Every structure is written in structure tokens, then in C-alpha cells.
Amino acid sequence: MSGTDKNVPAEQTPGTPGAPGNPGAPSIPGATGTPGATGAAGKPTAPSAQGNADKPGKPEKESSASQVVREIMSGSAMISVLAVVVALVIGGILIAITDTRVTTAFGYFFGDPMATLKAIWASISEAYGALWRGATYDPGARTWQGRLGIFETLTFATPLILSGLSVTLAFRVGLFNIGAKGQIILGATFAGVVGFMIELPPGIHLLAVMVAGAIGGALWGGIAGFLKAKTGAHEVIVTIMLNYIAVSLVLYLLKNQLRDPSSSNPISPRMHETAMFPLLLGPNYRLHAGLIVAILAVIVVSWLLNRSTLGFEYRAIGANPRAARTAGMLVSRGYITVMLISGALAGLAGVTQLAGTEKILDADIAGSIGFDAITVALLGRSKPWGTFFAAILFGAFKAGGTSMAINANVSIDIVAVVQSLIVLFIAAPPLIRSIFRIKEARSEGVSA
Amino acid sequence: MSIITKSETPKVADAVAVRSWKLPILLGVLAVFAVVVFVVLGPSGTATFRISQDTDAWQVPNLVVPAKAVGVLVSIICVALAYLAWRQTRDAGKIAKWVVMTFAVVFVVGMMVWIIGGTTTQNITLVGLFSGAMLITTPILFGSMSGVLSERAGVVNIAIEGQLLAGAFTAALVASITGNAYVGLFAAAVAGVLVSVLLALFSIKYVVNQIIVGVVLNVLVSGLTGFLFEKIMKTKVDGLTIYNQPAHLPNISIPLLSEIPIIGPTLFRQSIIGYFMLILVVALWFGLFRTRWGLRVRAVGEHPKAADTVGINVNRTRVLNVLAGGAVAGIGGAYFTLVAVSSFSKDMTGGLGFIALAALIFGRWNPIGAALAALLFGVAGNLQSILSLAGTPIDGQFLAMLPYALTILAVSGFVGRALAPAADGEPYIKE
């Protein structure tokens, strides 16, 4: 109660944007806008151009076609692709200069410069070749599992899609959900309790596990949303702190109530068979039905954001919370509900991780998914389908990274380097533009 | 005049009328907790605090306290203070500072006695507790000073973790190659600055969201150090990992001061990093709040437009502060590999950068406050590792949660109000 009272003076003074009521709200849409703004500048023009094209006929159609070309060449899609390319190049340089073959060949560079170049080529092509084969198809592998890495890619992508959606959704309301990690852990913990402590008939059991996981994640995300709405506590800080609290909490539970009595490690018993996602491609591949849940979630979130009233409210709040409030929208309710949904999505990511891939709950169930989710959402430019494809790309990096570590002896950490560089470059389009001397599309888009 | 004052009076009254009940409620809950846990569930044994080490010049006798009696006493004081806080809120609208401070101190003492009285060993060396805590406090403190520097100028620094890690890695590598720990220390500062260069470049020049940059830089540094660790540091030459055997910074004892009980061994038997830390906290506090430089930095962080209007170069101030913060955090990172342990390992900062962020917020963006918060978090962390060895009434995991839970309480206004500099996180684009 007193929290809402406190918000009033803060929001009435326009000069204090950092006041508790809205520290993140005005800053984040504006600044996230750097990736988002290009999308926003491109997007409204596209439907309007199409609208024109439907009615009058040829000339406008051409302009819409050239619009598409321009969009691809200088717009966000091209920037994303170039960002990936530049990041891979930098990663390649790192791989080459730390390779002993390259450094020894460089020792006699002036005697035989071609040897150095050959060594560099060998080093990079070996590493990225292994990455590619591990993520897609490897004709040389001995087993079928090894040969079709594409399914491993999709397995890794599944939790990334869901948690990426979680970050994306919160983004659109102007909230920065760094707490996917905690929400995944809580989701997995709730799912685990239902999954290995309770016996239920098949079908219903899996459904119950998913509901429990969503509730767990929603609870954890909801805390941040509630505190943001009622006290103005910055969601970035609250979610970071909740991540660590979640790790400690699950460790405590795994040492006591949830511990597998037959193990000396803090891990849970195995999930019941009825609580697990069915495997999609038989026992040889890890790919499970969680992927279908993830794809359904993309469709639902896409509908929610673009077609529903609630989504309109969310986007309005994200664009300008003050204007949304003036228009009669309940901004604080928006913050709470979006964090509940966002948390539920991350919780579902935890469910797919536990009931699909890991089968046993441990404190590291979230792995790096929580932070990867942020990079996925950024690469996907905070759009549901963009997030979907970004998640598949990062899933491929994960699947391929493992094969690269084994076959080319390049540490999987290089994947983290490449991923973070991609996001940095995408977040700063002017940088990529200046590297490739691309003309800025934004002014054209606005005038068109 | 009189008319104006009259018209303003109700406003003031309104402002006073907005009283927050959060703090009295929190104190009340804690007081009830004290009564239930310290008295009803309290241990009946004694708790022994060893104050002197055997090697100390001045021997101070051990402090032996009956746990139950202390629990009763602590609970009575807590309940009284909570009642006082409630009355003050009702009558005056706000609580005197000393009430909260005393409550906190008394509660922590009660907690310590309860924990130690309940352990099987039932005694604890205070020196060990505090000097062990310094192992955790030092990096946290350097990290939070990095945060103070950049956030006071209006740049959110989530990349503290990355700066610490870069410092730790570089210090280990350079100190191993040169065989000189001081060169390693310098290199660590440079590495921290390099991370800051990226932070400044992307957040100030390219106006990318500062939180995004920070999060991504952490991943980048973790990946980069992890990759180079595998590639370089694990390479064995003649069976030795020669690139991961850094020279150590020696401990320097200050003659008289190091003999003071508890404080001496904790603060005055340290490496050069530790002394630098003490100077840094005081210097930063003085610099920020008592000098022209500090006024300018704070102006840039609170109201960049106004600062620009009076001729302060906003973005240059921000860049310089972010770079300085990077150097500070880099040195803090060097503490891991040059003092605390003797080699680098992957992701060895283990989230201390985020605790530093918590300390920064809990200390309300004030160097002294952040330092005290870092000390509190360090003690909690060390207590956790001590307690994991002895059977205790409280699980170590709950102590591990403490810094984070306190920070959430602080940002949501239960423990005073932690307010960031007004323009923190807002890029400044000159019109």
C-alpha cells in the first residue's frame, strides 16, 4: 500500500527519470531501441507499403519489392547476418593465433609465408568444419547419433527457445528479465517435485509436471514483477539476486528434502517415466516432445504480442509507460502479469530441460541457458520468430561446439566468445555499418 | 511572504504524511524471529569467541558467553527497538537512524551467538573469521568501487564480474611470464581497463543499452579467459604449467598496528592490494563528496544536461570514470591469483562481481557504505564456509542467500531506500 503512495510523487516530477517508480522503464525501451529502433523503423513501413500494394497495382508493388531488397541489404536482417560473420571471423583469428601449428609456421614466415597461411587455413577450417558437422550432418561419424547432429542442435535449442521467449516478452514491456536462470531452476524444481515424488497416470503426469514448472517459474518471475510494480525496485537487480537465491535454495532442497537417498551427491532421484517428454525420434536421439511445446509457445507468444489486447497494452507500456498510463492502462498490472508469463515460459524451459534432456535435477540444471536466453532474445530482435531462429543458431553452436572440442581440440569457450560478439555487433548497428560501409537505412525508411 | 509560506505548508505536511511502514514491519518480523529462534529454539550451551591468536603480542582472554542468556537479552532489545520504531513512524513519520543501526548490530550479535552456540565445536576464532572474510571481501570491495566510479557518473556497470575475471587471468599470466607479481598487478589493471574500453565504447559511443553491454561483456570475458586458459595455461612445458604459476605478492606487516587484536591481523597484515583497498575507499569517499571532481562526477550522474550546460564534458567524464573503474576492478581481480590462491582457474570469480553489485546497491552507491556492505557479505560468506564444516542449526545455503536477499530488501525500500544516481543507465546524447 505504502509503496504505491510512494510512487506518486516520483512519477509526477518529470525531471527525475531515475526515481524508483520508473528507473528502467524510460531508459530501457530507449536504449534497447538501438536494436529495436531499426526494427521499429522498418516494421511499420512494411505493412503500409503492402497495404498500398494490394489496391492500386503495379508501380507500388515494385516499390514494395525494392523495399524488401533494401530492407534485406541495409536493414536489420543484413546487420544480423554480418554480425554473425564478423563474430565468426574474430573467433577464427583467435583459434588461429592460439594454434601451435600456426605459431610454429609463423616462426619461419619470411622464409615460407605460404606455410603460415596454410596453417591458418587448416586451423580455422578444421575447427569450423567440426562445428558445422557437429551441428548439422557428419558423414564421417561412426554412429547414427553422431552423424545427425541437427537433432542435437534442436535438443539444445528447445530450452533456449522457451527462455529466449521469456526474455523477449519482458523486453517488449520495457523490462529486462535477467532472471531466466532462477526461473528455470524454480520451474525445474517444481516440475521435479511432481515428476519424481508423485505417481500419476501417463499423459496427466506430464501435463501436471508442465503446469507445476510453469507455476514455479511464474512465481519467481512474479516476485520481480510485483516488486517492480509496487515498490519500483529495479527488475534487473532483483532478478540477478533471485538467480543466486534460487541456486542456494535448490542446493538446500537437494541436500535435504529432494535428495536421492541412494546418492551421496546433492541430486534428485530420476523422474518417473510417465513424467517425461516422449522422445521424438526413438531412443537413439535425445530430441524430445519439448520442442513441440516450444514451437507452440512461439506461436502463442507471437499471437499474444501482435494480435491480442494484452499484447497491445504490453507494447504500449514498453514504448512509453507514462503515455500508457495516461491512456488508462494499468502499468503496474502490466509489469506483474508480464513477469508472471515471462517466468512461466522460463519455468517451462526448465521443464523441458529436466523432463526431456537431463531427467535428474541438480543445482546446475539451468547451466548457461539463463544468460544465453538474453543473447538469443537480442539476436532475435525481441520478436518471437526471430527468437526461435536465434535459439536454433545458438543450439547449433552448442551442439557443434562439443564436436569442435573433441574433433578439433578447440575449447568450447570459443562459442561463448562468438555468441557475445554477435550480440555486441547486433546491438550496435552503426559499428557494423561502418565496418562494411553500408548506408543507413533508417532515414529512407522514415521518409518512405 | 506569509502567503507563500502558508501555501507551501500543506505540501510539506503531505510529504511527511507519506510514511512508510515497511521498516517497522520488517523490524517487527525480525524481532519475532529473534524471540522464536534465539530464545525458544535457542541452544543452551555457551559460545566461545577467541579473540587473540597464539602468536599475538597482546593476549586477550577468550570471550565465553551463555547462548541462552544472550538470546533472551537480544530478543528483549530487538522487541523494544521494533516497538520504538513503530512509535516513531506513527508520531514523526520516520525512524531515527540509531534505532535501525542498533537493531542491526544487536541482531547480528544475537545471530552469531545463536549459530556458534548451536554448533558442535562451540567456539570460533574471531581473527580467523575476519581475516578469512577478507579473502571474499577484498574482491567484492574492489568490484563495488568500480561500480561506484562508473555508476556515480551514470554508467551502469554490470560488467564488474568480467573486469574481475579479466584482472585475475591477466595477473596470473603476466606474473607467470615475468616472474614479477607487481608487473602482473599492473597488467591486471590494464586488463580491467580494456574491458572498460569496450563498455565505454558500446554504451557511450554507440549508445547500446548499458545493461546489455554489461551482461554480454561478462559472457565475452568468461569465454575468452576460458578459451585462453585451455589453450595457453594448460600447455605443459617440461611437465609444468609454466603460464599458470604466478609469483605471489608478499604480505607486509605494519609494525605497531598489526598487533591490535582482531583489527591488526585483519587489516594490517596484508599484501599491497589490501592497503591500496583501504586508501581507495577513503580517497573515493573524499573525492566524490568533498572535491570539485566529485561534484562534477555526481552532477554528470544525476543530471547530465545540467552538467553539460555549465560546461562539463559529460561523455568524457563518463568514459574516464568507467576506465578508472576498470583499473580498480582489474586490481581486485589480481587479488584472486596473486594473493588468495596461487593459480588461475576457469570462472574463478564465481559470481563475486554480482555480489559486488549487490554491495554497491546495499551501500547506496557510497564508497564507505559499499565497503561496509562488502565486509558484511564477506563475513557471511566466510561464516558459511566455516559452518559447513561444523554441525549448525542453520544451513550454510541460507547464509549464502543473505547478500542477495538483503539487496532485494534494499532496492524495494524495506531497508531504507537504495536510490541509484538519477541518470544511471541513461545515455547522454548532446542536442
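In this predicted model, Leu154(A) lies in helix α8 of chain A, which spans residues 149-172. Leu154(A) has 24 C-beta neighbours inside 10 Å and therefore counts as buried, the threshold being 20 or more. Leaving aside residues up to four places away in sequence, Leu154(A) touches Leu287(A), Leu291(A) and Gly395(A). Gly318(A), by contrast, stands 164 residues from Leu154(A) in sequence and 31 Å from it in space, C-alpha to C-alpha.

The view may now be widened to the whole of chain A. Its secondary structure consists of 20 helices and zero strands. Chain A has 448 residues, of which 54% are buried. When contacts in chain A between residues at least 6 apart in sequence are considered, 74% of them join residues at least 24 apart.

One helix pair in chain A illustrates how such elements meet. Helix α13(A), residues 309-319, and α15(A) have axes that come within 10 Å and cross at roughly 110°. The two helices α13(A) and α15(A) are therefore roughly perpendicular to each other, as angles of 65 to 115 degrees are so classed. The crossing in which α13(A) passes α15(A) is left-handed. On the α13(A) side the contact is made by Glu313(A), Tyr314(A) and Ile317(A), and on the α15(A) side by Val331(A), Gly334(A) and Val338(A). By class, the residues of this contact between α13(A) and α15(A) comprise four nonpolar, one polar and one charged.

Helix α15(A) also has a place in the largest nonpolar core. This core holds 269 residues, and those touching the most other members are Met241(A), Leu345(A), Leu348(A), Ala168(B), Ala171(B) and Ala359(B). The element that gives the most to this core is helix α15 of chain A, residues 331-358, with 15 residues. Met241(A) reaches across to chain B: apart from residues up to four places away in sequence, Met241(A) touches Ala358(B), Tyr404(B), Thr407(B) and Ile408(B).

The contact between the two chains is the next subject. Here 50 residues of chain A are in contact with 49 residues of chain B. Several helices of chain A each supply at least two residues of the side that touches chain B, among them α2 (24-54), α10 (204-231), α11 (235-255) and α18 (413-427). This side of chain A is made up of 32 nonpolar, 15 polar and three charged residues.

In one of them, α10(B), residues 272-290, and α15(B), residues 367-387, have axes that come within 8 Å and cross at roughly 150°. That angle makes α10(B) roughly antiparallel to α15(B), since angles over 145 degrees fall in that class. Val281(B), Leu284(B), Trp285(B) and Leu288(B) of α10(B) make the contact with Pro367(B), Ile368(B) and Ala371(B) of α15(B). The contact of α10(B) with α15(B) contains seven nonpolar residues and no polar or charged ones.

The other pairing joins α10(B) to α13(B), residues 314-340, with axes that come within 10 Å and cross at roughly 155°. Here too the angle makes α10(B) roughly antiparallel to its partner, α13(B). Helix α10(B) passes α13(B) in a left-handed crossing. Ile273(B), Phe276(B) and Leu280(B) of α10(B) meet Val328(B), Ile331(B), Ala334(B), Tyr335(B) and Val339(B) of α13(B). The contact of α10(B) with α13(B) has eight nonpolar residues, with no polar and no charged ones.

Key
Residues numbered from 1 in each chain as written. Chains lettered and ligands numbered in written order. Predicted model: local features only at pLDDT ≥ 70, side-chain atom pairs only at ≥ 80, totals over all residues. Core = buried A, V, L, I, M, F, W, Y, C linked by C-beta atoms within 7 Å. Buried ≥ 20, exposed ≤ 12 C-beta atoms within 10 Å, placed from the backbone. Helix = DSSP H or I, 4+ residues; strand = E, 2+ residues; numbered from the N terminus. Contact = placed C-beta atoms within 7 Å. Axes fitted to C-alpha atoms, helices over the stretch in contact; angles between N-to-C directions. Parallel < 35°, antiparallel > 145°, perpendicular 65-115°, else oblique. Left-handed = near helix turned anticlockwise from the far one by under 90°. Nonpolar A, V, L, I, M, F, W, Y, C, P; charged D, E, K, R; others polar.
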